[in-house]
Amino acid sequence: MSNFHFKPPTTLREATELVEHGLASVEDLADLAKVAARYAVAVTPDVAALIDPDDPQDPIARQYIPSAEELVVQTNEKPDPIGDDAHSPVSGIVHRYPDRVLFKLVHVCAVYCRFCFRREMSGPGKATALTQGAYDNALAYIRAHSEIWEVILTGGDPLMLSPRRLGEIMADLAAIDHVRIIRIHTRVPVAEPARISGEMVAALKVRGATTWVALHANHVRELTSKARAACAAIVDAGIPMVSQSVLLRGVNDDAATLEALMRGFVECRIKPYYLHHGDLAPGTSHLRTTLEEGQAIMRALHGRVSGLCQPDYVVDIPGGHGKAPAGPNYLSPEDSFSQEREQPSQKRYRIVDYCGDVHLYPPEP
Ligand code: SF4
């Protein structure tokens with residue numbers, strides 16, 4: 001690996017800047033400019049410093065540096081791939097499951113991931129945040145729905161807000177009696193760890209509700225010492241953390257890479273929560289695996305790490321039907337004869353152990 005720890009002074013947003021800093025080739029400039037005109041680009045100095053410009057397969061570059069492949073849109077890819085719009089009663093709110101809502105406060109992120117499932121919401125010419133009127137309406141909706149126990153602040157990245165504004169929003173939500181949990185989805189501790197200041201951590205804590213922070217990272221190299229320190233500041237403040245990752249071709253689509261990432265999370269006191277199958281977002285097919293590949297990787301991971309390091313592999317059902325566990329399955333009926341026995345206790349199953357060996361359950365007496 002070459003010495004690639006250079007750091008540009010500011011966030012790179014233009015194709016020309018990526019070329020200038022050696023993160024894209026001049027031959028690709030015209031295509032990358034087309035991509036950047038459609039989908040937002042942002043590579044923070046911290047992320048740029050992680051990229052090896054001499055490695056054409058670099059797993060960090062693949063997540064953040066635009067590619068001409070994004071101009072290829074498959075017929076099954078949709079601008080709203082997980083169907084947020086079908087469950088949006090008021091602007092900024094997605095109410096898909098009874099007890100929780102997504103509250104999409106801002107449409108900006110520190111970095112723009114090339115596989116983002118909300119990539120059509122952010123970028124050139126798009127609104128950057130909810131207006132005050134839309135915010136008030138969204139709050140009124142949450143207040144009027146007593147079944148809402150958990151509010152998930154997402155976007156965009158809510159930690160792009162100032163600590164002052166975030167603190168006000170946390171207080172507004174915590175003042176609603178039935179809102180008990182406020183969960184914040186963020187990539188900031190990885191993309192711009194310096195934003196996790198003492199003021200930001202203080203803003204995350206609020207009287208009247210419990211805060212959880214879900215960190216999005218996809219490769220262990222993203223868990224730098226600065227990122228780890230940012231997460232430690234959050235956890236040390238008594239705020240529990242979980243992880244979210246996306247299974248990405250050429251980034252983390254093998255068990256050893258995922259193992260290193262999951263161990264890294266647990267070392268940071270972050271419980272692995274979700275491994276998302278890649279959503280059908282426009283221009284992202286080069287980054288998606290198949291579901292069968294995902295299941296095989298999860299099966300291999302099961303044999304390598306403890307339950308503490310296991311995320312749930314989930315797929316969002318297009319059309320807004322929510323998440324479903326995507327397997328793999330370790331249990332199947334022994335045979336149809338067994339299932340036809342009258343006594344449930346007589347039924348037997350084939351069960352796969354962590355080495356891949358198959359056993360019968362319950363075993364022969
Ligand atoms: S940080 Fe999240 S919302 Fe922002 S671009 Fe990445 S995946 Fe999309």
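This report walks through the core, ring pairs, cysteines and backbone details of one predicted model.

Because the model is predicted, local features need pLDDT of at least 70 and side-chain atom pairs count only at pLDDT 80 or more, while totals for chains, interfaces and linings use all residues. Residues are numbered from 1 along each chain as its sequence is written, and side-chain values use heavy atoms, with hydrogens and water left out.

**The nonpolar core**

Let us start inside. The largest nonpolar core has 88 residues, and those with the most contacts inside it are V43, F103, I142, V151, L153, L166 and L173. A nonpolar core here is a set of buried Ala, Val, Leu, Ile, Met, Phe, Trp, Tyr and Cys residues joined through side-chain atoms within 4.5 Å. Buried means under 20% relative accessible area, exposed over 50%, and partly exposed in between (1.4 Å probe, protein chains only). Helix α5 gives the most to this core, with six residues. Helices (H or I, at least four residues) and strands (E, at least two) are DSSP runs, numbered from the N terminus. In soluble globular proteins, nonpolar side chains tend to be buried together.

What does I142 touch, leaving aside its neighbours within four places in sequence? Its partners are I93, V101, F103, I148, V151, L173, I176, H178 and V179, where contact means heavy atoms within 4.5 Å.

M170, in helix α6 (residues 163-174), is buried because its relative accessibility is 0%. Beyond its neighbours within four places in sequence, M170 is in contact with L153, I182, I184, A203, L204, V206 and T211.

**Aromatic rings and charges**

How many aromatic pairs does a search of the whole structure find? There are two. Rings of Phe, Tyr and Trp (its six-membered ring) pair if their centres lie within 6.5 Å; planes under 30 degrees apart count as stacked, over 60 as edge-to-face and the rest as tilted.

| Pair | Centre separation | Plane angle | Class |
|---|---|---|---|
| F103 and Y135 | 5.8 Å | 15° | stacked |
| Y273 and Y274 | 4.1 Å | 20° | stacked |

F103 lies in strand β2 (residues 100-104) and Y135 in helix α5 (residues 132-144), so their pair ties together parts that are 32 residues apart in sequence. F103 is buried, with a relative accessible area of 0%, and Y135 is buried too, at 4% relative accessibility. In the other pair, Y273 is partly exposed at 26%, whereas Y274 is buried with a relative accessible area of 16%.

Two arginines also sit over tyrosine rings: R100 lies over the face of Y97, at 4.0 Å from the ring centre, and the charged end of R299 is 4.9 Å from the centre of the Y330 ring. For this, NZ of Lys or CZ of Arg must be within 6 Å of the ring centre and within 35 degrees of the ring normal.

**A buried aspartate**

Is D46 buried or exposed? This residue of helix α3 (residues 45-48) counts as buried because its relative accessibility is 18%. The side chain of D46 makes polar contacts with the side chains of K7, at 3.4 Å, and K226, at 3.3 Å. A polar contact is a pair of N or O atoms within 3.5 Å; within protein, one must be able to donate a hydrogen and the other to accept it, and residues adjacent in sequence count only if both atoms are side-chain atoms. Leaving aside neighbours within four places in sequence, D46 is in contact with K7, V190, A191, E192, P193 and K226.

**Cysteines**

A search of the whole structure finds zero disulfides, a disulfide being a pair of cysteine sulfur atoms within 2.5 Å. C355 is exposed, with a relative accessible area of 51%, while C116 is partly exposed at 22%.

**Backbone details**

Most residues other than glycine have a negative phi, and most peptide bonds are trans. A cis peptide bond joins G155 and G156, with omega about 5°; G156 is in the loop between β3 (150-154) and α6. The peptide bond from Y361 to P362 is also cis, with omega near -10°, and P362 is placed in the segment after β12 (358-361). R269, which is not a glycine, has a positive phi near 65°. R269 is found in the loop between α10 (255-267) and β7 (270-276) and is partly exposed, at 44% relative accessibility.
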